[in-house]
Amino acid sequence: MADPTGFMKYERVEPPKRPKAERVHDWHEVYVEQPRAERNAEVATQASRCMDCGIPFCHNERSGCPLGNLIPEWNDLVRRGDWAEASERLHATNNFPEFTGKLCPAPCEAGCTLSISPLAGGPVAIKRVEETISAQAWEAGYVQARTADESTGRQVAVVGSGPAGLAAAQQLTRAGHDVTVFERDDRLGGLLRYGIPEFKMEKKVLDRRLAQLRNEGTTFVTGCEVGVDITVEELRERYDAVVLAVGALRGRDDTTTPGRDLAGVHLAMEHLVPANRHCEGDGPPEITAAGKHVVIIGGGDTGADCYGTAIRQGAASVTQLDQYPEPPETRDDERSPWPTWPYILRTYPVHEEAGERLFAVAVKRFVGDDEGRVRAVELHTVRVEKDPETGRRQVVPTSDDVQELPADLVLFAIGFEGVEHMRLLDDLGVSLNRRGTVPCGTDWQTDAPGVFVCGDAHRGASLVVWAIAEGRSVAASVDAYLTGGSDLPSPVHPTALPLAVV
């Protein structure tokens, strides 16, 4: 039984961060590595704020966690100090809680009953509890390889080793299928490896989970582009089913702004990938913020990743631009009522370190020097509105005044347009829809028989928790396709969407 008055006795406490002056000079994670006993005691107190309220929107797929994490259950287990059982409950619904505990923006907390009113002191620190359960599980040896009792003899190819592909692979391997994961990069992990900066999640966290998958029997092939290095004909001949988990890495660009073709103007991933490779030991990146005035266009997660990376590379200044007005610091019940995802100002740890953010502005043009390199950006204030006839979003200037900012490096972090165009899809006969993603039926199967899709390739660029949920769900469908039925969990339907106000 949970403590129904815990939230009245204890305040929400965030995990301690390392000093700014220290962390900006290395790539280690932002948060302090606390002594285990101190950490566990503090987190047990935070878990005690969960009242097991009876209306658990926190683990509802639309308003909270799409994985259906049994949040009130493992909160109470942590409160009582039963970390082993808490790990069992957590891993029952989430293959990789260390990924979500470090990277997920926690829609579960937005759906927590304590989010209804600021007077409650803020939601339960669900993300912190989850990450600590996972940390304790690895430290105490609770996490072990789980191998299948017998083999089905069926062969499955998973294309892509991001969180969706890894979740699908682990579930299918545990069901007894022989699974091979193909990754075109030289290392495994997809965006977890080369998109997420080290200061958000050190790659040793990914590597130890990959070791578990290998010990369970999953086979990995790196440096192999399916459709090129292995043809579709060979793929079809060797494998009984194929899972497409190729992500949605086609970065959104803006080629209409004058000066876009100047040297020094790049898409975000052109900056983040080499920076992560540098942390892996591949040598210094060609695109670096060292000594430069950096302007980041886009106010989301990817922009924040570029922001923190630029600081650690030694940028002279960092400015992040957002074309929308500065959001309020607390939820506006009329605009985004509980339990929807609140429209509020989201401040990441990197924003506390250096630089500044500008709101309701857009680039009018990029200014170059005599050698064709960007040297400044011209900004004007704007508002975003919908065209009354087409319903499309348009950015409208609100003043003729122009502000000039120095800029030696400009990074577009304005989202992704969908799946990259690749020979694999053409040869499979799989077409993209108008959103640039791969459509599927109710069983996650594409128009190509025996070919399934999950994660960002199906949903579009989304959260890590949705990727894992879709990977688990597609595994259940593949298992049923191969054997006639499946006991694997399927937490989300292909058409599932988070609850939102439109």
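Are Phe96 and Phe99 buried or exposed? In this predicted model, Phe96 is buried, and Phe99 is buried as well.

Phe57 belongs to the loop between helix H3 (36-47) and helix H4 (71-79), while Trp338 belongs to the loop between strand S8 (317-322) and strand S9 (356-359), so the pair ties together parts that are 281 residues apart in sequence. Phe57 has a relative accessible area of 29%, which makes this residue partly exposed. Back to the opening residues: Phe96 and Phe99 also form an aromatic pair, this one tilted, with 5.1 Å from centre to centre and 35° between the planes.

Arg312 places its charged end over the ring of Phe199, 4.2 Å from the ring's centre. Likewise, Arg335 lies over the face of Tyr343, and here the distance to the ring centre is 3.7 Å.

Next come the cysteines. How many disulfides does the structure hold? The number is 0. Cys108, for one, is in no disulfide, and its nearest cysteine sulfur, in Cys104, is 6.2 Å away; a disulfide would need the two sulfur atoms within 2.5 Å. Cys108 counts as buried because its relative accessibility is 9%. For Cys306, the closest cysteine sulfur is that of Cys279, and at 14 Å it is too far for a bond. Cys306 has a relative accessibility of 0%, so this residue counts as buried too.

Pro339 sits in the loop between S8 and S9. Then there is Asp52, which is not a glycine and yet has a positive phi, near 45°. This residue is found in the loop between H3 and H4, and with a relative accessibility of 42% Asp52 counts as partly exposed. Ala360 is another non-glycine residue with a positive phi, about 55° in this case. Where does Ala360 lie? Its place is the loop between S9 and strand S10 (361-368).

Key
Residues are numbered from 1 along each chain as its sequence is written. This is a predicted model: local features need pLDDT of at least 70, side-chain atom pairs count only at pLDDT 80 or more; totals for chains, interfaces and linings use all residues. Side-chain values use heavy atoms; hydrogens and water are left out. Buried means under 20% relative accessible area, exposed over 50%, partly exposed in between (1.4 Å probe, protein chains only). Helices (H or I, at least four residues) and strands (E, at least two) are DSSP runs, numbered from the N terminus. Rings of Phe, Tyr and Trp (its six-membered ring) pair if their centres lie within 6.5 Å; planes under 30 degrees apart count as stacked, over 60 as edge-to-face and the rest as tilted. A charge sits over a ring if NZ of Lys or CZ of Arg is within 6 Å of the ring centre and within 35 degrees of the ring normal.
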